[in-house]
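Dear colleague,

I am handing over the structure we spoke about, and my notes follow below it.

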Amino acid sequence: MKGMVEIRWHGRGGQGVVTAGEILAEAAMEEGKYFQAFPDYGPERMGAPIKAYTRISDSPIEIHSQITSPDIVVVVDPTLIGLVNVAEGLKDGGTIVLNTSLSPQEAREKLGLEGKNVRVFTVDASQIAMKYFGRNIPNTPMLGALVKATGLVSLESVIRLTEERLGTKVSEDIIQANVKAIKEAYETVKEG
Amino acid sequence: MAKQIVKALDGAKAVAEAMRQIEPDVVAAYPITPQTEIVQTFSQFVADGLVNTEFIPVESEHAAMSACIGASAAGARVMTATAANGLALMWETLYIAASLRLPIVMSVVNRALSAPLNIHCDHSDSMGARDAGWIQIFAENPQEAYDNTIQAIRIAEHPDILLPVMSMQDGFITGHGVERVEVLEDKAVKEFVGEYKALYSLLDIDQPKTFGAWAFYDYYFEFKRQQTEALSKVPQVVREIGKEYGELSGRYYDLFSAYELDDAEVAIVVLASTAGTARVVVRKLRQEGIKVGLLKPRLYRPFPGKELVEALKHVKVIGVMDRSIAFGSIEGCGPLFLDLCASFYTYGNGKGPQIVDYIFGLGGRDILPEQIEGMVKELLRIAETGKVPYRVGYLGLRE
Amino acid sequence: MAELKGWKELPLGAVVLEPGSSAEYITGTWRSRRPVRDEEKCTHCMICWVYCPDSAVIVKDGKVQGFDYDHCKGCGICAHECPVKVEAHAVTGKPGKVIQMVEEV
């Protein structure tokens, strides 16, 4: 499958992880690409560690297996680091984007990725979420960080689709807070 | 070809979208994971006034199908959706819908039956209903789930058929998997499905009818024979409508789809989303020079045995992949294997390939390309040595 | 009995197309006891007509005419519900009600 990128998301139920994966997929659609976005649901409810997957490709995607060796891992909840093996199966040359207050170097150490051919990005998305929403829902800022780290889709697409998604559910203030959070994460994500 | 809009939809929303465009007269449904999203989305369409459908919230799936039967007998175009234990609870009424010749269309988002309690995909639910007299169609992805839902209306209501249709897709894998779906314009769908005019209606007060009267040993048998006659005409109708839908949408549908099968020495036969994964494996192995092909049945009931034998008779070994067990059947095999073996016995002139069954994916167990590749290697060994190590194997099972 | 039809001749789904065709089925043969009415003393109160589960009480112009013995199953509800007492019934000669049950002969 020519040019297919596989992404695994880690987060907790209620943090909008599945939604983030879907927004990314929709952004890919707008850019004329093929995509899949699917959750790995258990019986869990809010707070339980969950995984979700996104595939983006230039050609139709036929595979319907889960993703075992992702090109990109996105960790939406910082407390999962150490609790869940978030780097499991990450491809050589792959990318991991973490929501954490740690520096990329510290995160690399904590995940046992020293010396590995893996790009590590960190952003304090929880702090950004608290700043703009007053609640720890770091999914949209993590999209901003992911876009900066990987260039998979454009920032503009992600912002517009986030606005559309939230449009019917929340007030204009909250939508604009999300836009600011996405931009701040985009600007402050660090590689190391 | 009609204009289409590309949308990001999961399989459940794709079905709900098709239902919105079809705009049936009545939908009676009860929510159950992973079908809930269909009912939830469609009832929102009703609440928002986007469709002029009578939505009947009911207290159980038995009630859901009972309400559908009543509405359909009254002459309405009727749709519903369910999964797993909900489908099992409908068991009695499934037979009634088919026997009364009511063209109800039901979306089934396949999920494992309890126990142990499980919400993920396998095919045990709809396979348990395979003898109920319904037409059964499987979809590989959200696009097919959308397309099949629209075609199911025409198949069910065809004057030669008048039977209910179950339209399947894999729970979570495609039911909750967002993919690229090309959606027809509302007008095109409305024109394709047309107006439904029931053959008989309970509400025809000028010519009153009785539905559900009894028939004992004097007549019951004859009505069952009528049902098999109607089912025998289904393949032809499915083909015609699949072609007509292809002319409209650019996506043509048949009884099954074959991939790299013409010169194949070994073949995989598998339903639904796993066919996509298997196609990826076939493509890879073909590049390595391995003569493997794939056959994905779309119509499962009635089973197009004659056509499948014709398509598969030249291969040496067939690996059937079954996502359910027909408990108590030979060697603990699955239903697809049983049907294919019976088809070769019936239509194969006493000859046929070796057929081996692989049970996989029960309760949502993931199936990986490497596992299918391993299976193909085994099929090649059988083709080479003629020795079948076992008739029914398991993929992804811990010993 | 009429000749039974083959499967190609029957309406789909066992739908009965002819309204009121159940009248052709003679259920009166199930009866072991039959109701009889004292015509003179009957007040035409219609209680029997209301209660009869088989619509087998024949009424014309507001008057009870008798019973439809082709469909009366002899359940005795009419006799049980009849509110008019007699000292000697015109048919049975016995004291009791205007409608009484007798053995089927």
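How far apart do the closest C-alpha atoms of chain A and chain C lie? The separation is 41 Å, and no contact joins these two chains. Please keep in mind throughout that this is a predicted model. Two pairs of chains are in contact, and of these it is chains A and B that share the most contacts.

Chain A

Chain A contains six helices and seven strands, which follow one another from the N terminus in the order β-α-β-β-β-β-α-β-α-α-α-α-β. Its radius of gyration is 15 Å, which agrees with the value near 16 Å that a compact globule of 192 residues would have. Taken along the principal axes, the C-alpha atoms of chain A occupy a box of roughly 45 × 40 × 35 Å, and 55% of the 192 residues count as buried. If one takes the contacts in chain A with a sequence separation of 6 or more, 65% of them are between residues 24 or more positions apart.

Chain C

Chain C has two helices and six strands, arranged from the N terminus as β-α-β-β-α-β-β-β. The C-alpha atoms of chain C fill a box of roughly 60 × 30 × 20 Å along the principal axes, and 32% of its 105 residues count as buried. Among the contacts in chain C between residues at least 6 apart in sequence, 55% join residues at least 24 apart. Its accessible surface is about 6900 Å², and 54% of that belongs to carbon and sulfur atoms.

Two residues

Leu12(C) sits in the segment that precedes strand E1 (33-37) of chain C. Its relative accessible area is 22%, and Leu12(C) is therefore partly exposed, given that buried means under 20% and exposed over 50%. Leaving aside residues up to four places away in sequence, Leu12(C) touches Arg101(B), Leu162(B), Leu199(B), Tyr200(B) and Gln226(B). The C-alpha atom of Leu12(C) is separated by 33 Å from that of Cys52(C), which is 40 residues away along the chain.

Arg20(B) belongs to helix H1 of chain B, which spans residues 11-22. Because its relative accessibility is 15%, Arg20(B) counts as buried. With residues up to four places away in sequence again not counted, Arg20(B) touches Phe42(B), Phe45(B), Leu50(B), Val51(B), Asp186(B) and Lys190(B).

The second largest pocket

The second largest pocket has a volume of about 1400 Å³ and a lining of 31 residues. Which of these residues lie nearest its centre? They are Trp214(B) and Tyr219(B), together with Val16(C), Ser21(C) and Tyr25(C). By class, the lining of this pocket comprises 19 nonpolar, five polar and seven charged residues.

With best wishes

Technical notes: Residues are numbered from 1 along each chain as its sequence is written. Chains are lettered from A and ligands numbered from 1 in the order in which they are written. This is a predicted model: local features need pLDDT of at least 70, side-chain atom pairs count only at pLDDT 80 or more; totals for chains, interfaces and linings use all residues. Side-chain values use heavy atoms; hydrogens and water are left out. On a 1 Å grid over the protein atoms alone, a cavity is a set of points where a 1.4 Å probe fits but cannot get out, and a pocket is an open set with protein on both sides within 12 Å along at least five of seven lines; lining residues have an atom within 4 Å of a point. Grid points are joined across faces, edges and corners, and a volume is the space filled by probe spheres set on the points. Ala, Val, Leu, Ile, Met, Phe, Trp, Tyr, Cys and Pro count as nonpolar, Asp, Glu, Lys and Arg as charged, and the others, Gly among them, as polar. Helices (H or I, at least four residues) and strands (E, at least two) are DSSP runs, numbered from the N terminus. The radius of gyration is taken over C-alpha atoms; the globule rule is 2.2 Å times the number of residues to the power 0.38. Buried means under 20% relative accessible area, exposed over 50%, partly exposed in between (1.4 Å probe, protein chains only). Contact means heavy atoms within 4.5 Å. Accessible areas come from the Shrake-Rupley method with a 1.4 Å probe; for residues, only the protein chains shown count as cover.
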